[in-house]
Amino acid sequence: MNSAEQAAGEKRVREQLVTPLLRRGLTKPASLTKDQFEDMVQDLCARLAYMSDVNLAALEEQAAASPSGKDHDRFPIANKLLEWAAVIQRPDESNSPLIRAVFAHDLGKDAVRDDWAPELLVDLRKSRRWPTEFALKRILESAKGARDRQHSIERRLARAESVSIIDAGWRDKRIAAM
């Protein structure tokens, strides 16, 4: 996303999410000062600039139905809105600093070299955390099964045997993820 698209996206978020929620009477969270609230909104607009109009409307509807605070009259905090937004419309992973950092690290390079990058990517999308030793063991086990399945499919294709549409689609998605 270039800077013009980012600016237009931020404006849409403010117009289609923030302003309607404020019009509904939701006020800043009690734990934030006015300046902190504006900083949160500004950051939220930047982070959600990727969302489409229809998905912003869905997020606004969900946020309006789930206000924060004891009296349910407070603007939801940014983390909650970002969590809901990721379910409604997943952000582009190429913009994730965590995913970029993991794949720039030796860990990510090893994953690409040793053919377990798709499974690492799936884990990063779910957890949004740097993989722990335990997570890496689980990822590697999952990758072994996936590699075996992919090799089996490719052997059948090499012998001109039929492959189910499900297997062919799964293989294509895994190759695309690599």
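How many salt bridges does a search of the whole structure find? The search finds 18, a salt bridge being a side-chain nitrogen of Lys or Arg within 4 Å of a carboxyl oxygen of Asp or Glu.

This is a predicted model, in which local features need pLDDT of at least 70 and side-chain atom pairs count only at pLDDT 80 or more, whereas totals for chains, interfaces and linings use all residues. Residues are numbered from 1 along each chain as its sequence is written, and side-chain values use heavy atoms, with hydrogens and water left out.

**Charged pairs**

Select aspartate 115 and arginine 174, which form a salt bridge with the closest N and O atoms 3.2 Å apart. Aspartate 115 sits in the loop between α6 (106–113) and α7 (117–127) and arginine 174 in helix α9 (residues 165–177), so the pair ties together parts 59 residues apart in sequence. Helices here are DSSP runs (H or I, at least four residues), numbered from the N terminus. Aspartate 115 and arginine 174 are both buried; buried means under 20% relative accessible area, exposed over 50%, and partly exposed in between (1.4 Å probe, protein chains only).

Next, select arginine 156 and aspartate 167, whose side chains meet in a salt bridge (3.4 Å, N to O). Arginine 156 belongs to helix α8 (residues 133–158) and aspartate 167 to helix α9, so this pair ties together parts that are eleven residues apart in sequence. Arginine 156 counts as partly exposed, at 22% relative accessibility, while aspartate 167 counts as buried, at 15%.

Then select arginine 171 and aspartate 172, where a further salt bridge is found (3.3 Å, N to O). Aspartate 172 is partly exposed, with a relative accessible area of 44%.

**Nonpolar cores**

Now select Leu17, Leu21, Leu44, Leu48, Leu59, Phe75 and Leu81, the residues with the most contacts inside the largest nonpolar core, which has 22 residues. A nonpolar core is a set of buried Ala, Val, Leu, Ile, Met, Phe, Trp, Tyr and Cys residues joined through side-chain atoms within 4.5 Å. Two or more residues of this core come from each of α1 (3–23), α2 (34–47), α3 (53–65) and α4 (78–88). The largest share, five residues, comes from α2.

Centre the view on phenylalanine 75: not counting residues up to four places away in sequence, its contacts (heavy atoms within 4.5 Å) include Val18, Leu26, Pro29, Phe37, Met40 and Ser68.

Finally, select Leu107, Leu120, Leu121 and Ile139, which are among the twelve residues of another core, lying apart from the largest one.
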